[in-house]
Amino acid sequence: MVKKQPLIIQGGMGIGVSNWVLARAVAEQGEMGVVSGTCMNSVLIRRLQDGDEGGHCRRALAAFPVPAIAESILKKYFLPDGRNGAPYKRSAMFTPKYTKDLVHLTVASNFVEVYLAKEG
């Protein structure tokens with residue numbers, strides 16, 4: 001059986017634009033949706049600090065294969081009632097001497113975006 005090639009490939013458009021919602025909508029039409037991995041660590045922690053409306057990020061983190069990492073991210077960044085105007089906590093940036101926590105956050109945040117795009 002020959003698999004149909006997509007007519008549309010929705011490409012990565014950068015931070016938060018080609019997100020899971022757009023990628024899923026394109027895929028539901030039988031085409032290829034793509035999520036951008038650029039700065040997903042910052043996107044995830046901002047969503048969590050804004051209260052994670054709909055619980056999407058928390059639902060995806062619950063499926064993350066290393067629960068201890070997901071729990072540490074939630075403990076550090078999730079604000080159930082949002083920031084209420086307070087500044088965002090920021091993620092560290094990659095440098096030649098980056099931390100294991102930054103790697104964990106980066107991997108988990110990209111997992112969340114792809115998980116949500118593929119869900120359902």
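# Reading salt bridges and pockets

Visitor: Which residue forms a salt bridge with Arg58, and how far apart are the closest N and O atoms?

Guide: The term stands for a side-chain nitrogen of Lys or Arg within 4 Å of a carboxyl oxygen of Asp or Glu. Here the partner of Arg58 is Asp52, and 2.8 Å separates their closest N and O atoms. Please keep in mind that this is a predicted model, in which local features need pLDDT of at least 70, side-chain atom pairs count only at pLDDT 80 or more, and totals for chains, interfaces and linings use all residues. Residues are numbered from 1 along each chain as its sequence is written, and side-chain values use heavy atoms, with hydrogens and water left out.

Visitor: Is Asp52 buried or exposed?

Guide: Buried means under 20% relative accessible area, exposed means over 50%, and partly exposed is in between (1.4 Å probe, protein chains only). With a relative accessibility of 4%, Asp52 counts as buried.

Visitor: Where does Asp52 lie, and what is its phi?

Guide: Elements here are DSSP runs numbered from the N terminus: helices are H or I with at least four residues, strands are E with at least two. Asp52 belongs to the loop between H2 and H3. Its phi is positive, about 50 degrees, although Asp52 is not a glycine. So in Asp52 you can find a buried residue that has a positive phi and also takes part in a salt bridge with Arg58.

Visitor: Which other residue has a positive phi, with a value near 55 degrees?

Guide: Look at Cys39, again a residue other than glycine, where phi is near 55 degrees. The loop between strand S2 (32-33) and H2 holds Cys39. Cys39 is partly exposed, with 38% relative accessible area.

Visitor: Back to charges, how many salt bridges does the structure hold?

Guide: There are 5. One of them joins Arg24 to Glu119, with the closest N and O atoms 3.3 Å apart. Arg24 sits in helix H1 (residues 20-28) and Glu119 in the segment after helix H5 (100-118), so this pair ties together parts that are 95 residues apart in sequence. Glu119 itself is partly exposed, its relative accessible area being 22%.

Visitor: Which residues are linked with Arg24 in a network of salt bridges?

Guide: Arg59 and Glu119 are linked with Arg24 in that network.

Visitor: What meets Asp50 in a salt bridge?

Guide: The side chain of Arg83 does, at 2.9 Å from N to O. This pair links distant parts of the chain, 33 residues apart: Arg83 is in the loop between helix H4 (67-77) and H5, and Asp50 is in the loop between helix H2 (40-49) and helix H3 (56-62). Arg83 is partly exposed at 23% relative accessible area, and Asp50 is partly exposed too, at 41%.

Visitor: What is the volume of the largest pocket?

Guide: On a 1 Å grid over the protein atoms alone, a pocket is an open set of points where a 1.4 Å probe fits, with protein on both sides within 12 Å along at least five of seven lines; lining residues have an atom within 4 Å of a point. Points are joined across faces, edges and corners, and the volume is the space filled by probe spheres set on them. For the largest pocket this gives about 280 Å³. Its lining has 16 residues, and those nearest the centre are Asn41, Ser42, Ser91, Ala92 and Met93. H2 and H5 each bring at least two residues to this lining, and H2 has the largest share, with 5 residues.

Visitor: And how much space lies in the second largest pocket?

Guide: About 220 Å³. It is lined by 13 residues, with Lys76, Tyr77, Asp101, Leu102 and Leu105 closest to its centre. At least two lining residues come from each of H4 and H5, and H4 gives the most, 5 residues.

Visitor: How far apart are Asn110 and Val43, in sequence and in space?

Guide: They are 67 residues apart in sequence and 9.8 Å apart in space, from C-alpha to C-alpha. You will find Asn110 in helix H5, partly exposed with a relative accessible area of 26%. Val103 is in helix H5 as well, and Val103 is partly exposed at 30%.
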